[in-house]
Amino acid sequence: MHRLFPLASTFAGTPCTEGEVAFEGDVGTQDPFFTTVTVVPANLSPEYKAAEAAFRKSRDPRERLERLREMLRAIPKHKGTEHLQADIKARIKDLGEELEGARKGGGHGGPALVIRPEGAAQIALIGPPNAGKSSLHARLTGSGARVAPYPFTTQYPHAGMMPHEDVHFQLIDLPAIAPEHPVPWLVSTLQTADAALLVVDLGELSCLEQLQAVQSVLEKKRVTLTEHWEATGASDGSAARADDDPFALRLPTLMLANKAEGIANFDAELQAVRELTGMRYPVFAVSATTGRGLGEIGPWLFRNLGIVRVYTKAPGHPADKHRPFTLRRGQTVGDLARLVHQDLERSLRYARIWGQSGFEGQQVGHEHRIADGDIVELHA
Ligand SMILES: Nc1nc2c(ncn2[C@@H]2O[C@H](COP(=O)(O)OP(=O)(O)O)[C@@H](O)[C@H]2O)c(=O)[nH]1
Ligand SMILES: [Mg+2]
């Protein structure tokens, strides 16, 4: 069941596509920027496809575990699906252990490794050691994330909320990604993220090697950092390729070039990194020390994730203007109803809507798309 979270609401997941294939072998190693997956036809049943679709849609770690179990029950058991079966089993084991550990108050001897999404979106801070991830986290969310001048200070995921107008983004501070310091649970933690902030220090001499190392570590785990943010409508077709693999993760990525206050030739450094790595992420020059550039992050995420806010009201009462529900551009009155209560989507008869686009309490149906700032009265 959907619970309402204290700061804002979770948003309903992004639309899913049905997988038609199973996977053979590991990801490719040629191109550091795209994950290639070899596919073999596997005649997946409608039951399996439905379970997989539900898995892709679900945001809550416990619900994801339940969906994985359904996938395993539903998957046709034959040679063509062996890899996929093994993958699903491995995910069930990992996620099960992490959730069990969290329930026992840290079976692995520490805090939760899987973080339940809250707020308008969950954003992972990733990057090489010492780039300033924890400093940015502390500054942007007011968290007490541990900062230190030596690498690998951060050992566990650490959640904090970054305010933007009347919504919040949940930022997850993470340990550095570096081949010499493997973090086995990192990819499970990333599963619930909607996007990544890739924090780098362009003044660091080994910056290029570090960035390439980050990408190759992630690539081995089928995580691709992409410069394409869906809300901007840009797509190069690689999204569809990765979509065939239910466990391939693509995170739209914004690069934060931190410690910018200390870099004399910022633009030239950035240009060099772009040319040498081929990376095309959007970039902000920021400084956790001086605060430079930090105010732009929230508005940018809001726009590029296509977040829309909707204020609900009860008939005869004014709208609750304090706590908007957040959805993504293109989502509908039906999606809002599901967010308010799981059963409401089915029982909803109609809604009344007030909005900037000229709606003055008109009656609309399930399919009506929400615009930012709409006020909606749901009638079941
Ligand atoms: N000059 C400068 N130093 C910074 C900045 N942000 C972080 N640092 C320093 O860089 C070091 C590593 O920071 P930390 O946040 O622990 O990096 P993490 O390993 O990426 O989490 C610490 O000594 C910070 O004080 C910044 O914007 N400018
Ligand atoms: Mg850190």
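Arg369 counts as partly exposed, because 15 C-beta neighbours fall inside 10 Å, and its place is in the loop between β13 (360-364) and β14 (374-379). When residues up to four places away in sequence are not counted, Arg369 touches Gly330 and Thr332, while its C-alpha atom is separated by 8.0 Å from that of Arg329, a residue 40 residues apart from Arg369 along the chain. The loop between β13 and β14 also holds Gly373, which counts as partly exposed because it has 14 C-beta neighbours inside 10 Å. Gly373 is in contact with Arg309, Gly355 and Gln356 once its neighbours within four places in sequence are left aside; with Gly355, 18 residues apart from it in sequence, the C-alpha to C-alpha distance is 6.6 Å.

The structure described here is a predicted model. Its mean pLDDT is 83, and 83% of the residues reach 70 or more. Two stretches call for caution in reading the coordinates. Over residues 1-38 the pLDDT stays under 50, and the model has 94 contacts beyond four places in sequence for this segment; over residues 232-242 the pLDDT is likewise below 50, and this stretch has eleven contacts in the model beyond near neighbours in sequence. As to the overall architecture, the protein has eleven helices and 14 strands, and of its 380 residues 37% count as buried. Among the contacts between residues at least 6 apart in sequence, 67% join residues that are at least 24 apart.

In soluble globular proteins, nonpolar side chains tend to be buried together. In the present model, the largest nonpolar core has 64 residues, and those with the most contacts inside it are Ile123 and Leu198. Strand β6 (residues 195-200) supplies the largest share of this core, namely six residues, and at least three residues are drawn from each of domain 2 (121-304) and domain 3 (307-379). A second, separate core comprises 13 residues, among them Leu44, Tyr48, Leu65 and Leu68.

The surroundings of Leu198 can be given residue by residue: apart from its neighbours within four places in sequence, Leu198 is in contact with Ile126, Gly127, Leu225, Thr253, Met255, Leu256 and Tyr281. For Ile123, one of the contacts is with Ile172, a residue of strand β5 (residues 167-173). Ile172 is buried, because 24 other C-beta atoms lie within 10 Å, and its contacts outside four places in sequence include, besides Ile123, the residues Ile115, Gln122, Ala124, Leu125, Pro157, His158, Ala159, Thr189 and Ala193. The C-alpha atom of Ile172 is separated by 9.6 Å from that of Lys133, with the two residues 39 residues apart along the chain.

The place of Lys259 is in the loop between β8 (249-257) and α8 (266-277), and the residue counts as buried, because its C-beta neighbours inside 10 Å number 23.

A further loop position is that of Pro315, which is found between β10 (307-313) and β11 (325-328). Pro315 counts as exposed, because it has 8 C-beta neighbours inside 10 Å.

Conventions:
Residues are numbered from 1 along each chain as its sequence is written. Chains are lettered from A and ligands numbered from 1 in the order in which they are written. This is a predicted model: local features need pLDDT of at least 70, side-chain atom pairs count only at pLDDT 80 or more; totals for chains, interfaces and linings use all residues. A nonpolar core is a set of buried Ala, Val, Leu, Ile, Met, Phe, Trp, Tyr and Cys residues joined through C-beta atoms within 7 Å. A residue is buried if 20 or more other C-beta atoms lie within 10 Å of its own, exposed if 12 or fewer, and partly exposed in between; C-beta atoms are placed from the backbone. Helices (H or I, at least four residues) and strands (E, at least two) are DSSP runs, numbered from the N terminus. Domain bounds come from an automatic or database domain assignment. Two residues are in contact if their C-beta atoms, placed from the backbone, lie within 7 Å. pLDDT is the predictor's confidence in each residue, from 0 to 100.
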